[in-house]
Amino acid sequence: MSGQKRNYIGLTGGIGAGKSTVAARFALLGAAVIDADAISRRALEPDGCCYAGVVQLFGPGVLGPDGRIDRGRVASFVFSDAALRERLNALVHPAVQREMLARADEAGERRLVVFDVPLLFESGWQSLMYRTVLVVAGEDTRVARVCRRDGCTPAAAAACIRAQMPHQDKVALADHVLENDGTPEALYPQVDALYARLCAEAGL
């Protein structure tokens, strides 16, 4: 897989797999980690670049009392409506991508730049990356983590997992796969070794 620059790394993983743990470890090791979720949240703020478009798409019913977009309401609308989800993604994804690439340019070429993107493969962003990293874990492990984090039922957690791109499809697209069914301490050596390998490939 060829990308724009050899230091551009795409990081992804399904809900509960542990992608955020890997992102934090990469940052600790010295990578510039750019979080797509954080940028998309900023884009939906009242002064954000996507605010007006999202309100127009969904109507004022997605606004909370403070005038901010209620991301939970938006998620509930698009969860079972693929066409509406595609329209939302077509609005938000290009703006987020532009901001992420601008931040990557600011980070420079002398360090690894990790793009933390939950929908990396679904959005086709892997074409921008030199290498892609997928974090995986078994469904039982993921359900337990989501329940702990969100306080939801196992059935709700499983429904969220199954609504995402199938695990095996992501594995087929990824350059590197990190298995994370255990503790963070068991995961870190995998991340450290991969970081060293990616830096070597990028000539860093």
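How many residues of E4 are buried? In this predicted model, in which residues are numbered from 1 along each chain as its sequence is written, local features need pLDDT of at least 70, side-chain atom pairs count only at pLDDT 80 or more, and totals for chains, interfaces and linings use all residues. Side-chain values use heavy atoms, with hydrogens and water left out. Strand E4 is mostly covered, with 6 of its 6 residues buried; buried means under 20% relative accessible area, exposed over 50%, and partly exposed in between (1.4 Å probe, protein chains only). Helices (H or I, at least four residues) and strands (E, at least two) are DSSP runs, numbered from the N terminus.

E4 belongs to an open sheet of 5 strands with parallel pairing, in the order E2-E3-E1-E4-E5; two strands pair if DSSP finds at least two bridges between them. E2 and E5 stand at the edges with a single partner strand each, so one side of each lacks a neighbour in the sheet. Neighbouring strands are turned against each other by 25° on average, direction ignored. For this and the other angles, axes are lines fitted to C-alpha atoms, for helices over the stretch in contact, and angles run from 0 to 180 degrees between N-to-C directions.

Helix H1 (residues 19-29) touches E1, E2, E3, E4 and E5, and its direction makes about 150° with that of E1. H2 touches E2 and E3, with its direction at about 45° to that of E2. Contact here means heavy atoms within 4.5 Å.

Strand E1 (residues 8-13) is also mostly covered, with 6 of its 6 residues buried. In a regular strand the side chains alternate between the two faces of the sheet. In E1, Tyr8, Gly10 and Thr12 lie on one side and Ile9, Leu11 and Gly13 on the other, and all are buried. E1 pairs in the parallel sense with strand E3 (residues 113-116) over 4 bridges, and with strand E4 (residues 131-136), also parallel, over 5 bridges. Glycine 10 has phenylalanine 115 as its bridge partner in E3 and threonine 132 as its bridge partner in E4. Leucine 11 stands opposite valine 133 in E4.

Within E4, Arg131, Val133 and Val135 point one way and Thr132, Leu134 and Val136 the other, all of them buried. E4 is joined to strand E5 (residues 176-179) by 4 bridges, and the two run parallel; valine 135 stands opposite leucine 178 in E5.

The largest nonpolar core has 35 residues, and Val54, Phe58, Met100 and Phe115 have the most contacts inside it. A nonpolar core is a set of buried Ala, Val, Leu, Ile, Met, Phe, Trp, Tyr and Cys residues joined through side-chain atoms within 4.5 Å. Two or more residues are given to this core by each of strand E2 (32-35), helix H2 (36-43), helix H3 (51-58), helix H4 (71-79), helix H5 (82-107), E3 and E4. H5 provides the largest share, 8 residues. A second, separate core of 19 residues includes Ala17, Leu112, Val191 and Tyr195.

The axes of H3 and H5 come within 10 Å and cross at roughly 165°. The two helices are therefore roughly antiparallel to each other, a term for angles over 145 degrees, with under 35 counted as roughly parallel, 65 to 115 as roughly perpendicular and the rest as oblique. Gly53, Val54, Leu57 and Phe58 in H3 meet Leu84, Arg87, Leu88, Leu91 and Val92 in H5. Leaving aside neighbours within four places in sequence, valine 54 is in contact with Leu44, Gly59, Ile69, Val74, Leu88, Leu91 and Val92.

Two further residues were examined. Asparagine 7, in the segment before E1, counts as buried at 4% relative accessibility. Beyond residues up to four places away in sequence, asparagine 7 touches Gly108, Glu109, Arg111, Leu112, Val113, Ala202 and Leu204. Cysteine 147 is placed in helix H6 (residues 139-150) and counts as buried at 15% relative accessibility. Its contacts, leaving aside neighbours within four places in sequence, are Cys152, Thr153, Pro154 and Ala157.
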